[in-house]
Amino acid sequence: MKPAAFIRHVPKTLDEAVKILAEVAPQDGRVLAGGQSLVPIMAFRLAKPTHLVDINEVAELDTIAHDGNTLTIGARVRHGAFHKPVVDGPLGALLAHVVRHIAHYPIRMRGTFCGSLAHADPASEWCLVAATLDATMIAASTRGERAIAANAFFSGIMSTALADDELLARVKLPRLATGTRFGFNEFSRRAGDFAMSAALVTYRLDGGRIADAHVGVGGAEPHPRRITEAEAALDGQAPGDVVFRAAADAAAEAVEAMEDHQTTAEYRRDLVRAVVRRALEHANA
Ligand SMILES: Cc1cc2nc3c(=O)[nH]c(=O)nc-3n(C[C@H](O)[C@H](O)[C@H](O)COP(=O)(O)OP(=O)(O)OC[C@H]3O[C@@H](n4cnc5c(N)ncnc54)[C@H](O)[C@@H]3O)c2cc1C
């Protein structure tokens with residue numbers, strides 16, 4: 001099928017983009033970033049936006065910046081930008097590892113980091129990264145900018161705290177301390193498919209014991225989140241099989257696993273146990 005008719009706007013600056021969005025949002029106007037989720041949905045007529053605010057010519061949004069504490073990713077930065085580490089240390093390596101699990105190469109060269117977060121698919125790898133690392137989203141509108149913490153940003157399946165007239169301009173990821181270990185694991189039926197469950201873990205070692213554990217789970221619930229029960233099972237312990245299994249069990253117990261045409265809730269809960277354990281093993285390797 002072909003999309004329903006729409007008007008495409010091509011702003012050159014962020015200011016211009018938010019002004020147009022403010023005008024067209026009440027008529028189901030939407031941002032067009034990489035188009036890798038929006039265009040297929042429009043082609044199936046599951047969405048019929050009357051206006052698209054195409055941000056692909058807003059050069060100021062194509063920036064990756066880092067200081068000692070934060071990596072800032074602009075709204076036009078494609079998934080493919082992360083194929084190689086964008087920053088030294090564990091955060092750059094983590095992003096370069098995770099990106100290869102997103103879709104396929106041509107989609108990664110077009111789809112954007114911020115578009116993934118705005119789209120908020122429960123199984124999105126970047127949403128899992130944002131939730132696990134406590135990212136901060138910067139939303140822009142004609143009212144100015146506001147910062148939204150990851151744990152307040154995702155609100156349900158493909159649903160976020162962004163208002164209709166807000167553009168996700170940038171995302172800030174905290175830099176990971178030198179020596180931080182990370183592990184990622186996801187399960188999908190075919191390579192490139194959305195994950196049925198995924199886990200991302202990070203932790204440091206302090207005197208041989210786990211410190212500052214972050215355990216995120218995606219694909220299992222309506223949106224990814226940190227699982228504090230699993231983190232509590234890790235912090236203060238020496239890394240090893242028994243501890244990893246206890247944390248994986250805690251994560252499996254804590255999630256309210258979704259049921260859909262692919263899996264039962266029980267199966268998905270068991271997947272959570274498996275992906276968390278494997279992510280922890282990967283982090284320890
Ligand atoms: C075959 C296939 C497989 C895929 N597999 C995966 C996968 O395994 N993992 C994964 O995470 N993704 C996957 N995707 C989706 C892909 O990653 C998309 O790129 C991503 O979901 C959306 O980014 P985009 O830039 O393409 O956004 P678009 O498609 O342009 O927009 C998506 C939605 O977000 C809104 N939006 C986009 N940018 C902004 C912004 N800056 N501010 C406010 N709203 C905004 C749009 O209005 C729209 O509602 C797959 C896609 C395809 C076609």
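Colleague: Is Asp212 buried, partly exposed or exposed?
Modeller: Keep in mind that this is a predicted model. Asp212 sits in strand E13, residues 209-218. Buried would need under 20% relative accessible area and exposed over 50%. Since Asp212 has 45% relative accessibility, it counts as partly exposed.

Colleague: And what is the phi of Asp212 near?
Modeller: Most residues other than glycine have a negative phi. Asp212 is a residue other than glycine, yet its phi is positive. The value is near 55°.

Colleague: Which loop holds Arg45?
Modeller: Arg45 also isn't a glycine, and it has a positive phi of about 60°. With a relative accessible area of 36%, Arg45 is partly exposed. Its loop is the one between helix H2 (38-43) and strand E3 (51-54).

Colleague: Let's zoom out. What radius of gyration does the chain have?
Modeller: The chain has ten helices and 14 strands, and its C-alpha trace spans about 60 × 45 × 30 Å along the principal axes. For 285 residues, a compact globule would have a radius of gyration near 19 Å, so the chain agrees with that at 19 Å.

Colleague: What percentage of the residues of the chain count as buried?
Modeller: To count as buried, a residue needs under 20% relative accessible area. Of the 285 residues of the chain, the share is 51%.

Colleague: Now the rings. How many aromatic pairs does the structure hold, and is the pair of Phe82 and Phe113 tilted or stacked?
Modeller: The structure holds four aromatic pairs. In the one formed by Phe82 and Phe113, the centres are 5.6 Å apart and the planes make an angle of 45°. Planes under 30 degrees apart would count as stacked and over 60 as edge-to-face, so this pair is tilted.

Colleague: How many residues apart are Phe82 and Phe113?
Modeller: Phe82 is in the loop between strand E5 (70-74) and helix H3 (90-99), while Phe113 is in helix H5, residues 113-119. Both are buried: Phe82 has 1% relative accessibility, and Phe113 has a relative accessible area of 0%. This pair links distant parts of the chain, and the separation is 31 residues.

Colleague: Which residue forms an edge-to-face pair with Phe82?
Modeller: That pair has 5.3 Å centre to centre and 65° between the planes. The partner lies in helix H6 (residues 125-132), so the pair ties together parts that are 44 residues apart in sequence.

Colleague: Which residues form one aromatic cluster?
Modeller: The cluster is made of Phe82, Phe113 and Trp126.

Colleague: What about the ligand: which element supplies the largest share of the shell around it?
Modeller: Strand E2 (29-32), H5 and strand E10 (167-174) each supply at least two residues of that shell. The largest share is four residues, and it comes from H5.

Colleague: How many residues of the shell around the ligand are charged?
Modeller: There are 30 residues around the ligand, and Val31, Ser37, Leu38, Thr112 and Glu125 come nearest. The shell has 13 nonpolar and 13 polar residues, and the charged ones number four.

Colleague: What percentage of the ligand's exposed area does the protein bury?
Modeller: Backbone N or O atoms come within reach of ligand oxygen atoms: one of Ala33 at 2.9 Å, and one of Gln36 at 2.8 Å. Taken alone, the ligand exposes 970 Å², and the protein buries 88%.

Conventions: Residues numbered from 1 in each chain as written. Predicted model: local features only at pLDDT ≥ 70, side-chain atom pairs only at ≥ 80, totals over all residues. Heavy atoms only, no water. Phe/Tyr/Trp six-rings, centres within 6.5 Å; stacked < 30°, edge-to-face > 60°. Buried < 20%, exposed > 50% of the residue type's maximum accessible area, 1.4 Å probe, protein only. Near = heavy atom within 4 Å. Polar contact = N/O pair within 3.5 Å; in protein donor to acceptor, adjacent residues only side chain to side chain. Areas by Shrake-Rupley, 256 points an atom, 1.4 Å probe, with all protein chains shown as cover. Nonpolar A, V, L, I, M, F, W, Y, C, P; charged D, E, K, R; others polar. Rg over C-alpha atoms; globule rule 2.2 N^0.38 Å.
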